[in-house]
Amino acid sequence: MLSLFMVFLVFGSLLPLAHEMHVRLELKKERFAAYETLHEAAKVIASTGRTEGQRSVNGILYSWQAEGHCVEYMDFQGKQEQLCIE
């Protein structure tokens, strides 16, 4: 009976918690890559004068534009995200 309780405890609470933590970490990593893309875009704009570009990180394509200082990307869940500097 105790072992059955432990199985329910692990699969009922700990695994969903671990999954949620994994999702949050993945979203933070993607957001960090978007900020890195903005930084790289600023360097490209200053050196070459280009006003738009793309960068691929871990299979995700980040598109940036100088106007509005924004990066757009599709996150691993399939949602379109946009990150802009104010």
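Student: Which residues does a disulfide join here?

Tutor: Please note at the outset that the model is predicted. In it, a disulfide joins C70 to C84, with an S to S distance of 1.9 Å.

Student: Why is the pair C70 and C84 called a disulfide?

Tutor: The cut-off for two cysteine sulfur atoms is 2.5 Å. The S to S distance of C70 and C84 is 1.9 Å, so the pair lies within that cut-off and is called a disulfide. By this rule, the count for the structure comes to 1 disulfide.

Student: What makes this a link between distant parts of the chain?

Tutor: C70 belongs to strand β3, whereas C84 belongs to strand β4, which spans residues 80-84. The two cysteines are 14 residues apart.

Student: What is the handedness of the disulfide, and how do you know?

Tutor: The torsion about the S-S bond of C70 and C84 is about 105°, and the disulfide is therefore right-handed.

Student: Is C70 called buried or exposed, and why?

Tutor: Buried means under 20% relative accessible area. C70 has a relative accessibility of 10%, so C70 counts as buried.

Student: Let us turn to the core. Which residues make up the largest nonpolar core?

Tutor: That core has 11 residues: A33, A34, L38, A41, V57, I60, Y62, W64, V71, Y73 and L83. At least two of its residues come from each of α1 (2-48), β2 (60-65) and β3 (70-74). The largest share, 4 residues, is supplied by α1. In general, nonpolar side chains tend to be buried together in soluble globular proteins.

Student: How do you know that L83 is buried?

Tutor: The relative accessibility of L83 is 4%. Buried requires a value under 20%, so L83 at 4% counts as buried.

Student: Where does L83 lie, and which residues does L83 contact?

Tutor: L83 lies in strand β4. Leaving aside neighbours within four places in sequence, L83 is in contact with R31, A34, Y35, L38, H69, C70 and V71.

Student: What does I60, another residue of this core, touch?

Tutor: Not counting residues up to four places away in sequence, I60 touches E30, R55, Y73 and M74.

Student: How is R31 classed, and why?

Tutor: R31 is found in helix α1. Its relative accessibility is 40%, between the limits of 20% and 50%, so R31 counts as partly exposed. R31 touches Y73 and L83, not counting residues up to four places away in sequence.

Student: Which residues make the nonpolar surface patch?

Tutor: V7, V10, F11, L14, L15, L17 and M21 make this patch, which covers about 660 Å².

Student: What makes M21 exposed?

Tutor: Exposed means over 50% relative accessible area. M21, which has its place in helix α1, has a value of 53% and is therefore called exposed.

Student: How many salt bridges does the structure hold?

Tutor: The structure holds 4 salt bridges. Side chains of opposite charge can pair when their charged atoms come close.

Student: Why is the pairing of E20 and R24 called a salt bridge?

Tutor: The N to O distance between the side chains of E20 and R24 is 3.4 Å. The cut-off is 4 Å, so the pairing of E20 and R24 is called a salt bridge. The two residues are 4 apart in helix α1, and so are separated by about one helical turn. E20 is partly exposed at 37%, whereas R24 is exposed at 53%.

Student: How do you know that K29 and E26 form a salt bridge?

Tutor: Their N to O distance is 3.7 Å. That distance is within 4 Å, so K29 and E26 meet the rule for a salt bridge. K29 and E26 are 3 residues apart in helix α1, and therefore about one helical turn separates them.

Student: What makes K43 and E40 a salt bridge?

Tutor: The closest N and O atoms of K43 and E40 are 3.5 Å apart. The limit is 4 Å, so the pair K43 and E40 is a salt bridge. K43 counts as partly exposed at 45% relative accessibility, and E40 is partly exposed at 36%.

Notes:
Residues are numbered from 1 along each chain as its sequence is written. This is a predicted model: local features need pLDDT of at least 70, side-chain atom pairs count only at pLDDT 80 or more; totals for chains, interfaces and linings use all residues. Side-chain values use heavy atoms; hydrogens and water are left out. A nonpolar core is a set of buried Ala, Val, Leu, Ile, Met, Phe, Trp, Tyr and Cys residues joined through side-chain atoms within 4.5 Å. Buried means under 20% relative accessible area, exposed over 50%, partly exposed in between (1.4 Å probe, protein chains only). Contact means heavy atoms within 4.5 Å. Patches are made of residues with over 30% relative accessible area and no salt bridge: like charges are joined within 9 Å, nonpolar side chains (Val, Leu, Ile, Met, Phe, Trp, Tyr) within 5 Å. Accessible areas come from the Shrake-Rupley method with a 1.4 Å probe; for residues, only the protein chains shown count as cover.
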